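I opened the notebook to keep a record of what I looked up in this structure, entry by entry. The entries follow the order in which I turned to each part.

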Amino acid sequence: MSRFKISDTFLLDDKPIKILSGAIHYFRIPKDDWEDSLYNLKALGFNTVETYVPWNFHETIENEYDFKGHKDLKHFIELADQLGLYVIVRPSPYICAEWEFGGFPAWLLNDRTMRIRSSDEKYLEKVKKYYHELFKILTTLQIDQGGPIIMMQVENEYGSFGQDHEYLRALAHMMREEGVTVPFFTSDGAWDQCLRAGSLIEDDILPTGNFGSRTVQNFENLKTFQQEFSKKWPLMCMEFWDGWFNRWGEPVIKRDSDDLAEEVRDAVKLGSLNLYMFHGGTNFGFWNGCSARGTKDLPQVTSYDYHAPLDEAGNPTEKYFALQEMLKEEIPDIEQHEPRTKTFMSMKDIPLTDKVNLFEVLEDISTKTTSFYPQTMEEAGSGYGYMVYRTRIHKATEQEKLRIVDARDRVHCYVDQKHVYTAYQEEIGDQFEVTLTSDQPQIDVLVENMGRVNYGYKLLAPTQRKGLGQGLMQDLHFVQEWEQFDIDFERLIDDHFKRDWSAQQPAFYKYTFDLAEPNNTHIDVSGFSKGIVLVNGFNMGRYWEIGPSQSLYISKAFLKQGKNEIIVFDSEGKHPENIQLIEAPQFSEI
């Protein structure tokens, strides 16, 4: 068995090793595509892959653990091993990563007395139960047990959140109890305040830095911090940011390839690094995270392309080849290979075959709960995606004033299934007037959780509880007696499309087509307004006409020979009569 140690340098079987790592998130890439991404990392000349492990991805429902299929973490790590890559694991409970709620399960929010990311015993007990399942997988894959894992992280960027070192020690202790024997590290912003608040250097745990520029200065900061504690350890950037993420309604962020290559050159000369990201991938389903800026939350888009060395689909970019060339100059004997590339297909004018209103099928595709006061999405359901809140009011006058109070994140209101109001974030709470025609009008409020904050103080804010909060006001009073419908898109079947459709309602649109040979592609969503795309039942993620994305990537892993089905749920009821599959991603000018 091999041994990995941290001394004045990284040592593998007592021989110095420079860690050249790249981040690949298995949870953002179809399982069928993992090998190509890992191969391309090895072909670049790198020797290690790093991944987070999102808690909510594997324990979406409390006490139900899923490590199969696209969630097969063990298989991902074993693939890396087969390709000759070492593995660095950052195993939660918090990951940030522009991922929904920073990796925390939504159900944690149901205990309003619990404080996450702290020494709160109730919180730590939940972590401990999850760790007991997670480390059954990870500990057997450590390098001293014949696997490829060389290091594991304690928490993540805690110095940007708190300074509870006892909390960090509790996590490290849990990991050791579960059988972790490889070295630990922490990662934080590479300046004194963050390093001091977030590291466990006094416990002989390696501090690493996160940055993407001013490499020489940031490594010097790390060195100075170590020296204060009489440590002489290797310097490592655990997140060398080679691009950035994107948000709805904002321009795509890019980084110059030559600038990146030169900064990475400095990192290679001075220490070790992990490129964040090497392959970004896709925020499938409802897993996108959300930034926070003042009072406003800024949800991130479905694509996690990150302007990384591999694009969203996993193909090498200009950055890849710039890095490969630079590495050959700095490390002449580095082993490099030609990367793999994917091909793409296009298909024009795939016709609309069926459509049906959401309200026609709502009962069939939802889990229904009832309550006197409206419950949050976490209390009444899974906590993700969409929920419909339904009640009835008494008609006193034909014109009535309504107000939706404390709802998140985006709402549509319907009176007797007629659309009367749409609002988002700070607009929610404004009074609006409606016309009532029936004696006991039915009120439906469709609420979309657009993604919980993944970084910063708002992790603890009440705004991370989604759905209809305080409720609906009629005149000056709150309305009580509610039904909640937690929508499960996997329950939609062909028979549902035999029901009615009408304009200006949230609806499902089905497009079918045949393939002789599946290939990678993108769906052009510019003809829709806002919603999600299901490909053969798999939720590819969200789209929104405000951009910048005007397409969604579809790996051939989700397509099949013969008949294929694309169902689009558009919350505004907008749709084209035909859709297009295109070879390259499409963006709007912002």
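**Helix 1 and its surroundings**

I began with helix 1, whose buried residues pack against strand 4 (20–24), strand 5 (48–52), helix 3 (73–82), strand 11 and helix 9. The model is predicted, and I read each entry with that in mind. Within helix 1, which spans residues 34–44, I listed Trp34, Ser37, Leu38, Asn40, Leu41, Ala43 and Leu44 as buried. An α-helix has 3.6 residues a turn, so residues three or four places apart point the same way. After helix 1 comes Gly45, for which I noted a positive phi near 115 degrees.

Strand 11, one of the partners of helix 1, covers residues 272–279 and includes Ser272. Is Ser272 buried or exposed? I counted Ser272 as buried because its relative accessible area is 4%, which falls under the 20% limit for that class. Apart from neighbours within four places in sequence, the contacts I found for Ser272 are Phe10, Lys18, Ile19, Phe219, Leu235, Met236, Cys237 and Ala267.

**The nonpolar core**

Next I looked up the largest nonpolar core, which holds 134 residues and in which Met151, Met152 and Phe508 have the most contacts. Helix 4 (residues 121–138) supplies the largest share of this core, with 9 residues. In soluble globular proteins, nonpolar side chains tend to be buried together. I then followed Met152 and, leaving out residues up to four places away in sequence, found that it touches Val89, Phe135, Leu138, Gln142, Met175, Val180, Val182, Pro183, Phe184 and Phe185.

For the largest pocket I noted a volume of about 1200 Å³. Its lining comprises 39 residues, and Thr60, Lys71, Trp287, Asp488 and Glu490 lie nearest the centre. Helix 2 (55–58), strand 24 (482–487) and strand 28 (538–544) are the elements that give two or more residues to this lining. Sorted by class, the lining of the largest pocket has 17 nonpolar, 11 polar and 11 charged residues.

The second largest pocket has a volume of about 490 Å³, and of its 29 lining residues I recorded Asp305, Asp311, Glu312, Pro585 and Phe587 as nearest the centre. Two or more residues of that lining come from each of helix 9 (318–330) and strand 29 (551–554), and strand 29 gives the most, with 3 residues. By class I wrote down 12 nonpolar, 10 polar and 7 charged residues for the lining of the second largest pocket.

**Cavities**

I found 2 cavities of 30 Å³ or more. The largest cavity has a volume of about 50 Å³, and among the residues that line it are Arg28, Asp33, His279, Glu312 and Tyr553.

**Strand 24 and Ile487**

Returning to strand 24, I looked up Ile487, which lies in that strand. I took Ile487 as buried because its relative accessible area is 7%. Not counting residues up to four places away in sequence, Ile487 touches Leu358, Leu362, Ile365, Ser366, Tyr386, Val388 and Leu446.

**Backbone details**

Between strand 6 (86–90) and helix 4 lies Pro93, which a cis peptide bond joins to Ser92, with omega about 15 degrees. A cis peptide bond also joins Gly547 and Pro548, with omega about 10 degrees, and I placed Pro548 in the loop between strand 28 and strand 29.

Ala97 is in the loop between strand 6 and helix 4 and has a positive phi of about 60 degrees although it is not a glycine; at 1% relative accessibility, Ala97 counts as buried. Gln504, likewise not a glycine, has a positive phi near 60 degrees and sits in the loop between strand 24 and strand 25 (507–515), but Gln504 is exposed, with a relative accessible area of 62%.

Key: Residues are numbered from 1 along each chain as its sequence is written. This is a predicted model: local features need pLDDT of at least 70, side-chain atom pairs count only at pLDDT 80 or more; totals for chains, interfaces and linings use all residues. Side-chain values use heavy atoms; hydrogens and water are left out. On a 1 Å grid over the protein atoms alone, a cavity is a set of points where a 1.4 Å probe fits but cannot get out, and a pocket is an open set with protein on both sides within 12 Å along at least five of seven lines; lining residues have an atom within 4 Å of a point. Grid points are joined across faces, edges and corners, and a volume is the space filled by probe spheres set on the points. Helices (H or I, at least four residues) and strands (E, at least two) are DSSP runs, numbered from the N terminus. Ala, Val, Leu, Ile, Met, Phe, Trp, Tyr, Cys and Pro count as nonpolar, Asp, Glu, Lys and Arg as charged, and the others, Gly among them, as polar. A nonpolar core is a set of buried Ala, Val, Leu, Ile, Met, Phe, Trp, Tyr and Cys residues joined through side-chain atoms within 4.5 Å. Buried means under 20% relative accessible area, exposed over 50%, partly exposed in between (1.4 Å probe, protein chains only). Contact means heavy atoms within 4.5 Å.
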